[in-house]
There are 2 protein chains.
Amino acid sequence: MACMAKVQGPVTVVPTVDPSAVPEGAVAAATGPGFDLDPEVRRVVVIGNGIAGTTAATEIRKLNPDANVTLFGHESYDFYNRMAIGKLMSESTAINNLYLLAREWAETKGVEYFPESRIVGVDPAGQSVEVEDGKRLDFDRLVLATGSRAFVPPLEGFGMPGTFVLRTIDDGVQIQQYVRRNRCRQAVIIGGGLLGLEAAHDLSQINVRVYVLNRGPWPLDRQLDEAAGSLLSQMMGDLGIAVMGRTSAVRLLGETKLEEIELTDGTTLRADLCLVTAGIEPETGLARLAGLELDRGVVVDDHMQTSHPHVFAAGDCASLGGTVFGLWPAAMEQGKVAATNLLGGDVSYRPTIPPARLKVAGIDLLSVGEINLPASGGSEILLNEPHGRAYRRLILQGDRLVGAILIGYPELFDPVIDAVKANADVGRYVAELEAGRWQVLENVSDLVPA
Amino acid sequence: MACMAKVQGPVTVVPTVDPSAVPEGAVAAATGPGFDLDPEVRRVVVIGNGIAGTTAATEIRKLNPDANVTLFGHESYDFYNRMAIGKLMSESTAINNLYLLAREWAETKGVEYFPESRIVGVDPAGQSVEVEDGKRLDFDRLVLATGSRAFVPPLEGFGMPGTFVLRTIDDGVQIQQYVRRNRCRQAVIIGGGLLGLEAAHDLSQINVRVYVLNRGPWPLDRQLDEAAGSLLSQMMGDLGIAVMGRTSAVRLLGETKLEEIELTDGTTLRADLCLVTAGIEPETGLARLAGLELDRGVVVDDHMQTSHPHVFAAGDCASLGGTVFGLWPAAMEQGKVAATNLLGGDVSYRPTIPPARLKVAGIDLLSVGEINLPASGGSEILLNEPHGRAYRRLILQGDRLVGAILIGYPELFDPVIDAVKANADVGRYVAELEAGRWQVLENVSDLVPA
């Protein structure tokens with residue numbers, strides 16, 4: 001990935017796919033920020049201790065060791081791996097294993113960190129924030145990294161015992177406890193995205209029968225074509241998880257706790273537990289108080305700058321060109337871009353859709369890049385494996401690789417991701433690819449146009 | 001340890017100290033039970049899926065592969081390591097890590113296992129039990145292994161939010177959640193035994209300041225002498241845990257949840273959380289319904305036979321000579337003794353007090369055997385280490401080793417335990433021991449009288 005410290009002038013930073021691939025200290029080892037630090041910027045406040053906020057705070061300190069960086073987080077837990085909280089439902093991880101930074105990380109990095117501290121007011125003109133205990137703190141630049149909460153569509157009965165979202169450590173723990181204490185046997189998950197499917201698998205691990213309601217025709221319908229989606233449905237079925245397409249919940253029914261769910265087709269499903277995994281809703285409360293421009297999220301330009309020049313936003317709360325990315329690598333990259341620009345740098349955030357991988361035992365699934373033939377014309381290489389539990393498809397535009405879907409063949413995931421990201425020219429390998437010898441993609445450097 | 005399968009006639013079985021030291025299948029490998037199986041005993045019901053119940057069920061199947069063994073457990077969780085649930089409070093283990101038997105253990109062993117099934121009635125005369133769903137099951141012999149619950153002394157205010165015991169997985173999880181959701185900063189533990197001290201350490205791991213109230217003069221006053229107890233207090237203090245001797249709670253105070261604890265000395269302590277670790281209370285409800293003789297627990301003889309000849313009891317629910325042992329190795333051994341005798345064998349359970357070890361980071365503590373000089377006369381070898389954070393004491397009766405207390409020197413724990421259990425004759429090594437060279441105890445075989 002591009003090393004931020006070496007960036008010169010207006011360039012584009014492409015987010016990296018795998019955060020763990022960025023070597024710790026890679027940037028710190030550089031000799032300077034590579035741009036003129038804005039002398040006006042001495043005190044930076046970052047609100048939010050998730051991936052966007054911690055990345056921004058760390059990055060600011062790296063780029064300007066003299067800057068005063070203060071980070072506020074209001075969760076009871078330090079920065080943790082939100083993508084693994086399903087393992088708390090399935091009883092298979094310790095909360096301690098979810099933390100992504102050592103307890104003393106802020107000290108080590110020279111960041112002033114206030115956990116469990118809620119910011120209740122932001123005054124961009126006065127350049128100060130107000131902490132819930134009444135204290136005020138001045139800033140030269142502010143980063144809003146307030147994240148998001150789970151989105152729950154209007155749904156009669158949601159909120160009664162037995163209805164949950166899965167967003168925080170406590171959500172995961174409370175669901176586990178509810179399942180055990182109420183001896184739940186059957187759960188319904190509303191939403192057939194990655195989170196919903198993974199949660200379905202996690203719940204099945206503690207002997208709960210799971211139904212997944214998917215509004216679209218097949219699961220992961222934004223990442224998979226029909227054939228792959230239908231195969232995924234079958235494979236989930238093999239794990240005891242029923243994915244119901246073109247189905248949604250109308251209302252949740254129960255006397256003192258959830259008992260049944262009425263579906264759009266008029267039928268009802270018995271349900272001891274209902275989990276809504278229908279996406280996220282940006283946390284914009286502070287931005288609204290601050291009078292910043294909002295659409296679905298906090299409106300930012302490609303410098304992650306909000307409508308106020310001294311206020312930046314990054315991560316799930318930020319909306320760029322109407323899009324809220326809601327993705328870990330995007331949040332990390334946005335945090336870095338915000339950090340660079342607020343210190344006087346000039347880098348743009350260019351979104352790319354990262355590959356989607358499903359983390360469900362026994363199912364290896366990858367979707368990267370385009371999943372439909374380009375409107376301008378394209379071709380595909382499609383392999384339905386004879387044993388019926390694997391699927392491979394490449395999407396080409398001319399001779400260039402623009403997308404891929406794989407079910408099975410996890411050893412090919414990395415070469416395929418690299419080749420798609422590089423827009424590899426696979427013209428001379430079409431016969432190999434059609435014959436199933438996709439190992440040729442491993443030589444991606446040969447395939448990239450000079 | 002004595003192998004049950006080789007026992008002939010009326011003998012005494014001494015419980016093993018470390019359950020993990022018993023090789024799996026050691027008994028199964030023997031060719032037969034070593035006694036005449038009672039032909040009348042074909043159907044055995046075991047109530048309780050803790051260490052006593054699972055051990056009894058497994059042992060019965062080993063001794064008589066033709067017997068029909070049915071095990072009932074009513075907890076939502078399979079048999080787990082109760083001694084590690086504090087790690088759920090400290091967020092450092094996964095629930096899955098606590099299970100001690102594979103999910104399919106009962107099938108493997110040929111035991112009919114009904115988890116989450118509560119027995120609501122026992123009829124010894126009619127030789128049947130009643131399950132909560134109304135079904136009845138006949139038995140030739142019955143084992144009550146119903147365990148115990150946490151004992152809470154009468155204490156005004158106990159039961160309000162913020163007051164807990166620590167007995168089950170759910171207790172551990174609920175305490176963790178209460179600490180996080182209420183941002184608890186200070187906890188009071190009532191009871192300075194092993195469980196209380198370990199819980200104190202676990203809570204301190206999630207940044208809670210802990211006070212331990214100990215009725216006796218120093219912590220672990222039944223296992224430690226004053227010098228060792230006072231050193232332990234200091235060492236707990238070094239970990240940020242205050243142990244208060246000769247102190248107890250009078251009442252718990254708070255509007256809607258716990259806020260303060262009034263102590264016997266008239267002062268009050270602020271407390272966001274109160275955990276009572278004051279021992280156990282045998283679960284005797286079913287035994288009472290069955291009309292069995294009770295004292296504190298279900299009265300058994302040294303064959304683990306209750307007042308009804310077809311009903312046996314083992315583990316925390318059983319009371320032998322007025323004593324409820326409440327110890328893991330005792331429960332395991334009692335399960336084995338009950339299994340042997342109910343099938344027609346004739347073995348006695350002879351209690352020994354197992355060594356006490358404290359599992360708190362940085363503190364290595366052992367107490368084994370006698371901690372006071374025998375009334376009939378004895379001597380001691382006492383070493384207060386110069387750096388003031390270690391302590392060693394041996395109790396002798398004549399030249400025989402009858403007890404030991406160590407703080408520090410974990411490498412000596414095993415030899416010391418072996419030597420005390422063997423009543424080793426250390427007469428000729430007194431000078432070595434007084435000089436601190438306790439490694440001589442490693443040659444325990446030399447020290448055991450022929």
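How much area is buried between domain 2 of chain A and domain 3 of chain A? In this predicted model, the figure is about 1,100 Å². Carbon and sulfur atoms give 70% of that area.

The domain assignment divides chain A into three parts. Domain 1 is made of two segments, 4-149 and 280-349. Domain 2 spans 163-276, and domain 3 spans 362-447. The C-alpha centres of domain 2 of chain A and domain 3 of chain A are 31 Å apart. Their contact draws on 15 residues of domain 2 of chain A and twelve of domain 3 of chain A.

A:D225, A:L231 and A:M235 supply 44% of the area that domain 2 of chain A buries against domain 3 of chain A. In total, two salt bridges cross the interface of domain 2 of chain A and domain 3 of chain A. Five residue pairs, both members at pLDDT 80 or more, are in polar contact there. The residues of domain 2 of chain A that touch domain 3 of chain A comprise nine nonpolar, two polar and four charged.

The interface between the chains was examined in the same terms. Here, 27 residues of chain B contact 26 residues of chain A. Together the two chains bury about 2,200 Å². Carbon and sulfur atoms account for 31% of this area. In chain B, the residues that lose the most area to chain A are B:E91, B:R180 and B:R183. Together they make up 25% of what that side buries.

B:R183 also takes part in a salt bridge, its side chain meeting that of A:E116 at 3.8 Å, N to O. Six salt bridges are counted between chain B and chain A. Polar contacts across this interface number 28 residue pairs, with both residues at pLDDT 80 or more. On the chain B side, the residues touching chain A divide into six nonpolar, eleven polar and ten charged.

A search of the whole structure returns zero disulfides over all chains. A disulfide is a covalent bond between the sulfur atoms of two cysteines. For A:C274, the closest cysteine sulfur belongs to A:C184. The two sulfurs are 11 Å apart, so they are too far from each other for a bond. A:C274 is buried, because its relative accessibility is 0%, under the 20% cut-off. B:C317 is likewise buried, with a relative accessible area of 0%.

Note on methods
Residues numbered from 1 in each chain as written. Chains lettered and ligands numbered in written order. Heavy atoms only, no water. Disulfide = S-S within 2.5 Å. Buried < 20%, exposed > 50% of the residue type's maximum accessible area, 1.4 Å probe, protein only. Domains from an automatic or database assignment. Contact = heavy atoms within 4.5 Å. Buried area = accessible area lost by both parts, 1.4 Å probe. Salt bridge = Lys/Arg side-chain N within 4 Å of Asp/Glu carboxyl O. Polar contact = N/O pair within 3.5 Å; in protein donor to acceptor, adjacent residues only side chain to side chain. Nonpolar A, V, L, I, M, F, W, Y, C, P; charged D, E, K, R; others polar.
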